[in-house]
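Please keep the sequence and the model at hand while reading.

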Amino acid sequence: MIRLHGVTKVYDGSTVAIRDATTTIQKGEFVFLVGPSGSGKSTLIRLLMREERPTAGEIWVAGRNIADLPEWKVPYLRRSVGTVFQDFKLLPNKTVFQNVAFALEVIGRPKGIVAQQVPKVLKLVGLASKAERLPRQLSGGEQQRVSIARAFVNRPLILLADEPTGNLDPATSVGIMRLLDRINRTGTTVVMATHDHAIVDAMRRRVMQLERGRIVRDESRGVYEGPVAGATPAGAASANGPAPNGQGHTPETPPIEEAAVAPGETDEG
Amino acid sequence: MRAEYVVGEAATNLRRNVLLVLGAILAVFVSLFMTYMALVVNEVGRNSASRWQEGITIIAWLDDADLATHTAITNEVNGWSEVERAIYVGKAEAWEEFQDMFADNPALVEEVDPNAMPASVRVDLVDNELHTVIVGRLGSLGGVDGVDEASEAVEDTLEASRLLNTGGIVLGVVLGISAVVMISNTVRMAIYARREEISIMKLVGASNWFVRTPFLVEGLIEGLVGGALAVLAGWFGYRWFISNLDLGIIDTEVPEAFLLSRGLLVLLFGALAGAIGSLVGLRRYLQESK
């Protein structure tokens with residue numbers, strides 16, 4: 001689904017954001033990108049959605065090398081790649097329904113499809129009863145659900161999430177993660193950049209750790225503080241032990257530990 | 001892409017920046033009004049000039065001799081090889097002509113003594129280039145009081161209308177550029193006002209044309225409205241002008257078909273200014289994402 005080959009991104013000719021990254025992400029995988037601020041997580045997300053072009057290397061997404069995708073074809077890439085951000089990016093003067101419908105309308109989907117798909121996805125994210133609310137009338141967690149609904153309403157192959165729980169409290173974050181997990185189980189590949197130790201440790205999915213633009217660790221069922229080859233001491237080694245990478249790995253998607261789910265975050269769908 | 005959507009979005013943009021939009025429309029209006037008027041004035045000048053050129057080139061005014069003398073002079077002039085035709089206009093005919101010309105001004109006709117109208121010989125030349133020679137020769141003839149050439153007036157009028165035309169077009173072009181700049185500014189403002197929406201559109205994969213078209217339509221509307229106002233103002237202004245001001249010998253009448261065809265041309269220019277303006281405004285957006 002996603003294949004990086006020797007990807008390097010240099011800003012302004014000197015700042016190296018990504019350094020010679022090579023990896024493969026299979027269809028249906030759930031991948032955490034972890035690492036400190038400035039390690040290149042967000043740059044990698046932006047490269048995957050072709051917000052940026054790599055300075056060198058190839059980025060294959062859904063069978064196309066998007067490094068040399070012509071500008072006018074980018075919109076068609078975006079239709080198969082959903083994106084979710086820390087700041088939600090909702091339109092304040094549109095209702096929940098309109099915000100989600102917007103994603104379908106602007107790619108020319110007929111009204112009938114919009115009327116059919118939007119309630120479905122709102123039900124999935126548990127906001128069916130709040131369709132007519134405005135974003136400011138919602139909590140942060142609910143706003144993020146709207147943004148996930150918008151990213152997913154077009155059934156993308158890949159969902160990219162950049163710190164989706166960055167603005168949310170831990171309890172709310174768990175609800176968002178359950179939602180992303182559910183979306184992942186429909187076969188959508190999820191790549192999520194995060195700082196959140198608790199979430200990564202609870203989910204036990206593939207973890208890719210970045211440090212100064214390099215992929216320094218890649219474990220198939222990792223935790224946030226995993227052993228880095230050579231460098232970091234393997235103090236917090238996971239039960240599975242370090243795995244080289246996720247090649248040929250199909251996640252069995254273990255359910256989130258119920259203990260981690262906050263009582264307040266119930267799913268309506 | 002639904003037309004309803006595009007027009008709706010364009011209308012929203014127009015509503016958001018009313019002052020800026022009015023400024024852009026005004027800029028289009030002024031520049032196109034100038035151009036339109038220059039075209040009309042030029043046509044008026046050209047019409048009058050060509051009518052005179054077809055007609056009598058030289059008039060030799062005769063003194064109060066008898067008809068036989070007058071006929072003799074006319075015959076002599078007719079004998080010159082450079083002359084295509086010389087026509088004698090007697091006092092009575094001149095008076096009739098005068099009455100016709102000023103039929104709408106009976107007071108003036110009342111005032112003038114019919115006998116004050118001089119007889120004349122009106123001379124058409126084989127080649128208008130020879131007029132100085134003939135004017136000289138006519139002046140030296142016995143019985144000729146004076147010689148007038150229409151050609152000088154013709155030249156003057158042509159020159160004036162050429163000047164007006166060039167001046168009008170130059171001014172129109174300069175103002176036209178300012179109109180394009182104004183439109184591109186309003187479009188840029190509209191883009192700025194909707195940058196959030198646009199960034200989300202791009203995020204979810206709206207095609208570039210889907211994002212651009214409403215802004216293009218906005219510019220087009222501004223250009224067309226400005227152009228339409230210019231044509232209306234020009235048309236009615238011109239009508240008012242010819243019905244209220246009498247420029248005497250200059251024939252100010254221009255056919256409706258001319259006004260209409262040039263009006264459509266002006267509208268087309270308005271649309272063009274709108275389209276170019278919004279494309280310029282969109283240019284930075286188009287180059288975005290590197």
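Which residue in S8(A) does Ile158(A) stand opposite? Ile158(A) stands opposite Thr189(A). The model is predicted: local features need pLDDT of at least 70, side-chain atom pairs count only at pLDDT 80 or more, and totals for chains, interfaces and linings use all residues. Residues are numbered from 1 along each chain as its sequence is written, while chains are lettered from A and ligands numbered from 1 in the order in which they are written.

Helices (H or I, at least four residues) and strands (E, at least two) are DSSP runs, numbered from the N terminus.

A residue is buried if 20 or more other C-beta atoms lie within 10 Å of its own, exposed if 12 or fewer, and partly exposed in between, with C-beta atoms placed from the backbone. In a regular strand the side chains alternate between the two faces of the sheet. Both faces of S7(A) are covered, with Ile158(A), Leu160(A) and Asp162(A) buried on one side and Leu159(A) and Ala161(A) buried on the other.

Chain A also contains an open sheet of four strands in the order S2-S1-S4-S5, with antiparallel pairing. Its edge strands, S2 (15–25) and S5 (64–65), each pair on one side only. Two bridges join S5(A) to strand S4 (residues 56–61) of chain A, and Val61(A) stands opposite Arg64(A) there. Overall, chain A has seven helices and 10 strands, and 44% of its 269 residues are buried.

Chain B has 10 helices and four strands, which follow the pattern α-α-β-α-β-α-α-β-α-β-α-α-α-α along the sequence. Of its 290 residues, 34% count as buried. Helix H1 (residues 3–16) of chain B has 14 residues and reaches 20 Å from its first C-alpha to its last, close to the 20 Å expected at 1.5 Å a residue; the expected span is 1.5 Å times one less than the number of residues. Its buried residues are Glu9(B), Ala10(B), Asn13(B) and Leu14(B). They cover an arc of only 140 degrees around the axis, which puts them on the same side of H1(B); the arc is that of the directions from the helix axis to the C-beta atoms. Glu4(B) and Arg15(B), on the other side of H1(B), are exposed.

Where the two chains meet, the contact takes 15 residues from chain A and 14 residues from chain B, two residues being in contact if their C-beta atoms, placed from the backbone, lie within 7 Å. Helix H2 (residues 74–78) of chain A gives the most to the side of chain A that touches chain B, with three residues.

How values were computed
Pairing = 2+ DSSP bridges.
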